[in-house]
Amino acid sequence: MPYPEIRPRRLRRSAAVRRLVSETRVDPAELVLPMFVREGLTEPRAVASLPGVLQHSRDSLRKAAVEAVQAGVGGLMLFGVPAERDATGSGGLDPDGILNVAIRDVVAEVGDAVVVMSDLCLDEFTSHGHCGLLAPDGAVDNDATLEAYARMAVAQADAGIHMVGPSGMMDGQVGVVRRALDAAGHQDVAVLAYAVKYASAFFGPFRDAVESALEGDRRAYQQDPANLRESLREVELDVAEGADLVMVKPALPYLDVVSAVRAAVDVPVAAYQVSGEYAMVEAAAANGWVDRERVMLETLTSIRRAGAQVILTYWAVEAAKLLRERY
Ligand code: PBG
């Protein structure tokens, strides 16, 4: 029996050769840490469905931001959890609202060393939990919501944000935000567009983290998980409207989408490894069913390999530390 001459295994036989030919590396500088800050807390508070993730007080947020920078992460994505909510989400537009105050705090603390980003959406601030303003019939009113997003973007930029992340899936949101920023003299503030966002059950634990008041679902504005071509259309529109980066969300169940988006546009592509992706691994690891660190790095490598150059992940700090030991 002839033995094979061509042996791919030669490139796998030692750690040294595997390192030499590795096609994909995750760099800590490409990781972005999502962070929650809750109004009125004096101590950080655990989020039950996201082990290891905290609702921060203003003080603990600043400290955690410094720790993330020291670990080498490239960005921070801030989410605010207000003490009070109303039908129009006015806390999101208020310069003294929790998110805008936290932006000032974090930019003052670490602003030169990392990209500070903020979620630009009303769902954390509305009493009904939807991402926009409701019309009398209860549907989310696209164009009225755009006006609120424009004001929210300017409030965040006035607070010093480097990059805003419109995430509400309203039609035209990137263009409206871009124009509002420019008109207010904030031409340097970048837009990370949540261009592709599916109506996903993987957002479940996030809704605990922000104490979401949502009843029902977001299927009238977030995308159907069955669709891929629709995502390319969303991305094309956002780039035309001025998006500086485009994001796909969730990440791991949508790697085909990440890959297709990467092939379709030349702006940097980000992917958000969302709360449910994180929680599944944490739950399995807590039971001893999977090796937590290996699964963590394998998922991040896969998202990177699919074409995401920037990855939002609740593991950003820990992964950054592990990756620095490894390379
Ligand atoms: C909207 C927003 C959501 C997430 C990020 N931005 C929730 C939603 O769209 O329902 C989810 C992130 C995650 O699950 O980790 N403000």
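Modeller: Let's start at Asp123, which sits in the loop between strand β5 (115-120) and helix α4 (142-158); helices (H or I, at least four residues) and strands (E, at least two) are DSSP runs, numbered from the N terminus. Bear in mind that this is a predicted model, where local features need pLDDT of at least 70, side-chain atom pairs need 80 or more, and totals for chains, interfaces and linings use all residues. Residues are numbered from 1 along each chain as its sequence is written, and side-chain values use heavy atoms, without hydrogens or water.

Asp123 has a relative accessible area of 7%, so it counts as buried (under 20%, with a 1.4 Å probe and protein chains only). Its side chain makes a polar contact of 3.3 Å with that of Arg218; the term means N or O atoms within 3.5 Å, and within protein a donor paired with an acceptor. Beyond its neighbours within four places in sequence, Asp123 is in contact (heavy atoms within 4.5 Å) with Gly129, His130, Cys131 and Phe206, as well as Arg218.

Asp123 also brings us to the ligand: it is among the closest of the 18 residues that surround the ligand (a heavy atom within 4 Å), together with Lys197, Arg207, Lys249 and Tyr314. Lys197 has a polar side-chain atom 2.7 Å from a ligand oxygen. For Tyr314, a side-chain N or O atom is 2.5 Å from an oxygen atom of the ligand. Glu124 places a polar side-chain atom 3.0 Å from a ligand nitrogen.

Tyr314 leads on to a pocket. The second largest pocket has a volume of about 320 Å³. Leu33, Gly52, Val53, Tyr314 and Val317 are the closest to its centre among its 16 lining residues. A pocket here is an open set of points on a 1 Å grid over the protein atoms alone, where a 1.4 Å probe fits, with protein on both sides within 12 Å along at least five of seven lines; lining residues have an atom within 4 Å of a point. The volume is the space filled by probe spheres set on the points, which are joined across faces, edges and corners.

Strand β1 (31-38) gives the largest share of this lining, four residues, while β3 (54-56), α2 (58-71) and α11 each supply at least two. By class, the lining of the second largest pocket has 11 nonpolar, two polar and three charged residues.

Methods. Ala, Val, Leu, Ile, Met, Phe, Trp, Tyr, Cys and Pro count as nonpolar, Asp, Glu, Lys and Arg as charged, and the others, Gly among them, as polar. Buried means under 20% relative accessible area, exposed over 50%, partly exposed in between (1.4 Å probe, protein chains only).
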